[in-house]
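Please read the numbered points alongside the structure.

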Amino acid sequence: MGHGVTKERTTGRHALARPRAKIAALAALSAILTLMVPSGDALAKRAKPAPVEATAPRVAGEPIMAIVSIASQQVTLYDAEGWILRAPVSTGTSGRETPAGVFAILEKRKDHRSSMYDDAWMPNMQRITWNGIAMHGGPLPGYAASHGCVRLPYGFAEKLFDKTRIGMRVIVSPNDAEPVAIDHPALLKPDPAAIATIPARADTLTREAEEAAKVADEAKKAAKAAARDVAPLKSSLRALERAKSRADAELARADRVLAKASTDEAKARAEAAQQSAAQRAGEAAAKLAAANADAEAKRALAEATKEAAKAAEAKKSEAAKLASDARLAGEPVSIYISRATNKLYVRRNTHKPAPDGGGEVFDATIEVPVTIRDPDRPIGTHVFTAMAKSDAGLRWSAVTIDGADDAKAALDRITMPPEVLARIGPTALPRSSIVISDEPLSAETNYRTEFVAVLSHQPQGGFITRKPTPNVMVADGDESWDGGFGSFFFPSGPESRELRQRRSRGYPAQPLPWQAW
């Protein structure tokens with residue numbers, strides 16, 4: 001009996017111990033799982049299916065644009081017919097976000113190493129800003145992890161490097177975006193006849209510009225020679241004036257001596273001296289008169305050659321401008337319309353190497369006011385691209401990355417200056433573009449860029465934490481497109497409204513040298 005009670009009690013204690021052991025085991029398992037399961041942030045980063053590389057099932061043409069989606073961590077390349085390549089990317093991590101906005105490829109380097117990040121290897125680098133934002137091969141953890149650049153799969157970056165060109169549009173969108181077909185009267189419509197004459201007209205005007213430059217050079221030489229002839233006249237005339245004054249003084253003394261002579265002998269000597277003094281005075285006067293006449297003729301010649309040199313220089317500048325426009329007519333044209341500044345800017349690639357190294361020079365000679373209906377109302381950011389020729393002229397697409405208005409409504413509000421349309425519209429080519437945005441041009445826009453425009457309401461840690469590009473050399477502006485780079489982006493006068501807006505929004509005020517990242 002007693003043994004039974006003891007056994008029963010013992011069995012009861014074991015029964016109570018079993019649940020406790022299970023609870024302890026479950027707690028330990030829970031702790032282990034807690035350590036193994038990613039944090040909420042990491043889960044959020046990996047919640048979506050990871051993008052994969054893909055190639056369109058057709059023969060691809062040359063890429064016209066790349067659209068990077070920060071939300072999907074994906075880049076898509078488009079040719080004239082649609083998408084051709086897709087790949088996952090890794091954009092800027094928190095605090096160093098890749099800026100959303102409108103860019104273009106500025107420079108390409110097959111084997112690049114960073115001078116900002118411990119000599120980090122950035123193969124197949126394609127720069128989109130001069131302060132260090134680029135697309136390049138890099139590790140992809142499956143979420144945004146870079147310092148601001150757009151990392152591409154290594155193999156994809158290598159494949160893409162050989163397919164793109166300087167000036168290709170790169171759009172970084174906060175969300176998914178893609179080009180859609182659009183037709184609108186405000187979009188450029190080329191004149192086939194004008195396009196057909198581009199090569200011959202460019203050749204003719206280039207020859208005329210070269211001839212005008214020779215004439216201007218000869219005129220300048222003639223003006224300099226005439227100026228050299230005039231330079232010593234002042235001192236030589238003063239010497240002759242002093243000689244005449246001395247001769248006149250000697251004649252006056254001789255006259256006084258003659259008047260005082262009292263004897264015939266004295267009068268004879270005085271008359272002889274007076275005649276000799278009179279002759280010398282006459283000769284001095286004649287020399288001075290001749291020198292004055294010669295000086296007047298030389299001054300007149302110098303003035304005439306100076307005016308001729310000015311006229312020849314003006315003709316040279318005008319001929320160079322016409323030749324420049326004729327050559328640039330064979331390039332796609334890019335237009336940027338900013339609601340922030342109410343201005344229209346035009347860029348065309350000259351394909352001239354930048355004088356301070358890195359990239360090519362973009363023509364920036366057109367900057368004019370533009371009319372925007374309801375200028376105080378947001379318009380969004382829209383990129384219109386001429387994808388290919390069509391029966392109507394050009395086939396256009398629209399990409400909206402900030403949609404206060406839809407793309408057509410944005411175009412409805414714009415009135416472009418007729419003189420600008422007349423200058424660039426008839427020769428618009430595929431790959432031409434029009435960007436309409438609420439944003440001002442970034443200070444990273446300069447003579448070595450097409451356009452750099454950043455969405456001010458999106459994170460830009462990877463942009464604003466970098467040193468801005470310093471002021472760069474600006475030519476006088478009268479050397480035409482192959483030497484002058486314009487002065488709009490680096491004004492020497494009071495700080496512009498656009499720059500003040502940039503400072504107030506925390507943007508860099510001025511566009512690291514190209515080597516410094």
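1. The axes of helix 6 (residues 233–260) and helix 7 approach within 8 Å and cross at roughly 160°. Axes here are lines fitted to C-alpha atoms, for helices over the stretch in contact, with angles from 0 to 180 degrees between N-to-C directions. Helices are DSSP runs (H or I, at least four residues), strands likewise (E, at least two), numbered from the N terminus.

2. Helix 6 and helix 7 are therefore roughly antiparallel to each other (angles over 145 degrees count as such). Helix 6 passes helix 7 in a left-handed crossing, that is, the near helix is turned anticlockwise from the far one by less than a right angle. The contact of helix 6 with helix 7 comprises 19 nonpolar, two polar and eleven charged residues. Ala, Val, Leu, Ile, Met, Phe, Trp, Tyr, Cys and Pro count as nonpolar, Asp, Glu, Lys and Arg as charged, and the others, Gly among them, as polar.

3. For helix 5 (residues 198–230) and helix 7 (residues 264–328), the axes come within 7 Å and cross at roughly 160°. Helix 5 and helix 7 are therefore roughly antiparallel to each other, and the crossing is left-handed.

4. The UniProt record, an unreviewed entry, places the feature "coiled-coil region" at residues 202–257 and 285–322; such annotations may be inferred rather than shown by experiment. Residues 285–322 are 100% helix and 0% strand, with end C-alpha atoms 55 Å apart.

5. The model is predicted; local features need pLDDT of at least 70, side-chain atom pairs count only at pLDDT 80 or more, and totals for chains, interfaces and linings use all residues. Residues are numbered from 1 along each chain as its sequence is written, and side-chain values use heavy atoms, leaving out hydrogens and water. The chain averages a pLDDT (the predictor's confidence in each residue, from 0 to 100) of 83.

Terms used. Parallel < 35°, antiparallel > 145°, perpendicular 65-115°, else oblique.
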